[in-house]
Amino acid sequence: MALGVALKRMDEGSRRLLALALSLVAIWAVFQVLTGGLFLTPRNFYNLAVQSSTVAVLTIGMVMVIMTRNIDLSVGSILGLTGMVIALLQIEVFPADAAWNWPLTVLLGLALGTVIGLWQGFLVAYIGIPSFVVTLAGLLIFRGATFEVAQGQTLSPFQNIYRIFGGGAAGSLGETASWIVAALCAGIAGILIMRARRDRLLLVTTALGIAGLVAAVAMFNAYDRPRSELGHGIPSTILILGCLAAIAVFVMRRMPIGTHILAVGKDVEAARLVGVPTRRVVLKVFAAMGALCAVGAIITTARLNAGTTNLGTLMELNVIAAAVIGGASLDGGRGSIIGGVLGAFVIQSLDTGLVLLGVSSSMRQILIGFVLIGAVWFDRVAARHR
Amino acid sequence: MTITTLLRKTVLATALSVGAQAAMAETIGVSWARFQEERWKTDEAALKERLEELGHNLLTADARGSVERQAADIEGLLARGAEVLLVVGHDTTAVIPAVERALAEGVPVIAYERQIKHPDVTYIGFDPVLVGEAQARALMEVQPEGNYVLIKGGQQDQYAHGTFQGQMNVISEAVESGKINIIAEQWTTDWKPEVAQSNMENIITAHGDSIEAVLSSNDGMASGVAAALEQAGMLGLPLSGQDGDIAAVNRIARGAQTMTAWKDVRVLGRAAAELANAIAGGTDPMTLDGATTFVDEEMGIEQAALPLEPVTITIENIDLMVDAGWITTEEVCRGVESGKLSLCD
């Protein structure tokens, strides 16, 4: 009874998140059974986390873009271009053994992503070209540019330190540091909910969240590094994702621009009338999206240890799907960062689980397509019942 | 026949020496399937250079991966006066109606690299079946039995099926006798390295240390497989590839890949230019060196073909590629420990 009352008191967004988290757990449970216990092994859990990271990072930006009632179809191409530029600079242009090489290429990559985002945001917000058109053009332009950068060559290998960003054996925190990070996160969460002591539901969900965190870290630590007894710990990609998601959630909830993004998505005219700088909001959102594409590019190239021409092809589709599964509405004004990240994990979990079962790539596409429709359908039906 | 060609060549040479008379030059058209891949620029450069030496012009069109655009491209090349057509079919079945239109206009068609099954089309290229066979043979040499993983190319691509068929030609006997056990196989969307990497990671999860060799159909995917193996501490497992990518040759030097089926596309480009030249001069392709007949019994098709064989590159013969100017010693030796490979010391 108490649970029912609590559920009714929950706002719609939290209820959707809870449903999503439960479906993720359900998907894992089903695959765990179907694969005969392979799915939730430490190794697969670790791989799953790393494999989901790039799409999840991009989804953070996509949720914000969609909330302003825009779309970005160019994210895969921006990722490809920034990744290829980083590869070219680090491998072909700058001296391979210079210590300043990788930090500089990372900064230049982030700068390039941001500039591309600003350019597209400018076209959308100040010139008034629909984002669908701007980013469709961007998809073509930046994909073509990706080829031109190295004339289609595959570039490899990167500097060793750079590869930390890819979350491989070298790119993980180790056991002790992982527990310290977990303790820090739990501590911050604890302090944050001290204020809301009366809200039992919040206490319960936070406690569950911390339990999940501890379980995840235990899993990461249980996955031993090759030929050693030492655990991997939290992969760097998850650390990057966690930090970026936390910043994004903070921005959306606590900073004026968060409110502005919502206002722009709900009704641009009304927002303008009450003094929201609507154009600048859209510009900033696209700039953030571009920068996040560069982060995705760093993770992907470091992980693959190569820059390739078709890096990130069709990734925009997975990213948009993740945002939508996570509760973002293409009508604007609604979306959830955490939901989007969970959406990315849902898609990757399905993909990974189906590969473990030996399902062909075409069947995987079909199934994931149906899941996308199913998620939105469920959402619609649930909304009508409220 | 030979006399005519000889005559023609002499006439051409004279024409060239007088200063390229347009009347003698034939216009050769190329329809690319998707030009934006690492290799095609090299193909085009070799093709163009040799054709110009022979006194011909080259017209090109890029279908950018679209069946419809390729049909329009072929019509466009005919309209622009192409007298011989080279076609890299994006979809080698769907392109046939456009090819037939060219043939009906009396324009000979050469299928470049990807076979177009039509009796009047001449095929030239690195036969994917031969590529697959070379890959499987090289892996069987180092790992004659045990658990194999197959990382196959794009399922929609005929070339991927050809390579797979070649691999099976070599290993199927061992598979039937139980010496080789294929424990996992996956097609790879668009041959993407990231997809190959994720698939390989998942296969490692499912089969772990029991994996003993990975038949990857090309070098790009091999880079993804190598990254997955490295993550699992299994780098050094027998691993195949094709194309002779610079990164792949470097992996071979570092011991992270066993072989690549090297397709020196410059050889192909030059050979295709000479084939086009011969056909333009009215020579029957079957009279050329290395010509053979490809027979598809199921479809009842016999066609002239000039299949080129890839060169198997292993750690033993990387110097071949250096000598051919395909790759520099510095590119081969990036990150190779000293004393491991004489080429690098």
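Student: Which hand does the crossing of α5(B) and α6(B) have, left or right?

Tutor: In this predicted model, α5(B) and α6(B) cross in the right-handed sense. The term applies because the near helix is turned clockwise from the far one by less than a right angle.

Student: Why is α5(B) called oblique to α6(B)?

Tutor: Helix α5 (residues 128-142) and helix α6 (residues 158-176) of chain B pack at an angle of about 40 degrees, and their axes are 6 Å apart. Roughly parallel would need an angle under 35 degrees, and roughly perpendicular begins at 65. The value therefore makes α5(B) oblique to α6(B).

Student: What residues meet in the contact of α5(B) with α6(B)?

Tutor: On the α5(B) side they include B:Val129, B:Gly132, B:Ala136 and B:Met140. On the α6(B) side, B:Thr163, B:Phe164, B:Gly166 and B:Val170 are among them. The residues of this contact divide into 10 nonpolar, eight polar and two charged.

Student: B:Phe164 has its place in helix α6 of chain B. How do you know whether B:Phe164 is buried or exposed?

Tutor: The count of C-beta neighbours of B:Phe164 inside 10 Å is 21. The cut-off for buried is 20 or more, so B:Phe164 counts as buried.

Student: What does B:Phe164 touch, not counting residues up to four places away in sequence?

Tutor: B:Phe164 touches B:Gly132, B:Lys152 and B:Ser217. B:Gly132 is also one of the α5(B) residues that meet α6(B). From B:Phe164 to B:Gly153 there are 11 residues in sequence and 8.4 Å in space, C-alpha to C-alpha.

Student: What makes β7 and β8 of chain B stand at the edges of their sheet?

Tutor: The sheet is open, has three strands in the order β7-β6-β8 (chain B), and its pairing is parallel. β7 (180-187) and β8 (213-216) each have a single partner strand, so one side of each is left without a neighbour in the sheet. From one strand to the next the twist averages 20 degrees.

Student: What strands pair with β5(B) in the parallel sense, and over how many bridges?

Tutor: Strand β4 (residues 109-112) of chain B pairs with β5(B) over three bridges. B:Ile110 has B:Thr122 as its bridge partner, and B:Ala111 has B:Tyr123. Strand β11 (residues 301-308) of chain B is joined to β5(B) by four bridges, and there B:Gly125 stands opposite B:Pro307.

Student: What makes β2 and β10 of chain B the edge strands of the seven-stranded sheet?

Tutor: The open sheet runs β2-β1-β3-β4-β5-β11-β10 (chain B) with mixed pairing. β2 (57-62) and β10 (292-296) each pair on one side only. The average twist from one strand to the next is 25 degrees. Helix α3 (residues 67-79) of chain B packs on the sheet, touching β1 (27-32), β2 and β3 (84-87), and its direction makes about 175 degrees with that of β1(B). Helix α10 (residues 265-280) of chain B also packs on the sheet, touching β1, β3, β4, β5 and β11, at about 165 degrees to the direction of β5(B).

Student: How many residues of chain A are in contact with chain B?

Tutor: 33 residues of chain A are in contact with 34 residues of chain B. On the chain A side, α3 (42-67), α12 (278-304), α14 (337-356) and α15 (361-385) each supply at least two residues. The largest share, four residues, comes from α3(A). That side divides into nine nonpolar, 21 polar and three charged residues.

How values were computed:
Residues are numbered from 1 along each chain as its sequence is written. Chains are lettered from A and ligands numbered from 1 in the order in which they are written. This is a predicted model: local features need pLDDT of at least 70, side-chain atom pairs count only at pLDDT 80 or more; totals for chains, interfaces and linings use all residues. Two residues are in contact if their C-beta atoms, placed from the backbone, lie within 7 Å. Ala, Val, Leu, Ile, Met, Phe, Trp, Tyr, Cys and Pro count as nonpolar, Asp, Glu, Lys and Arg as charged, and the others, Gly among them, as polar. Axes are lines fitted to C-alpha atoms, for helices over the stretch in contact, and angles run from 0 to 180 degrees between N-to-C directions. Angles under 35 degrees count as roughly parallel, over 145 as roughly antiparallel, 65 to 115 as roughly perpendicular and the rest as oblique. Two strands pair if DSSP finds at least two bridges between them. A residue is buried if 20 or more other C-beta atoms lie within 10 Å of its own, exposed if 12 or fewer, and partly exposed in between; C-beta atoms are placed from the backbone.
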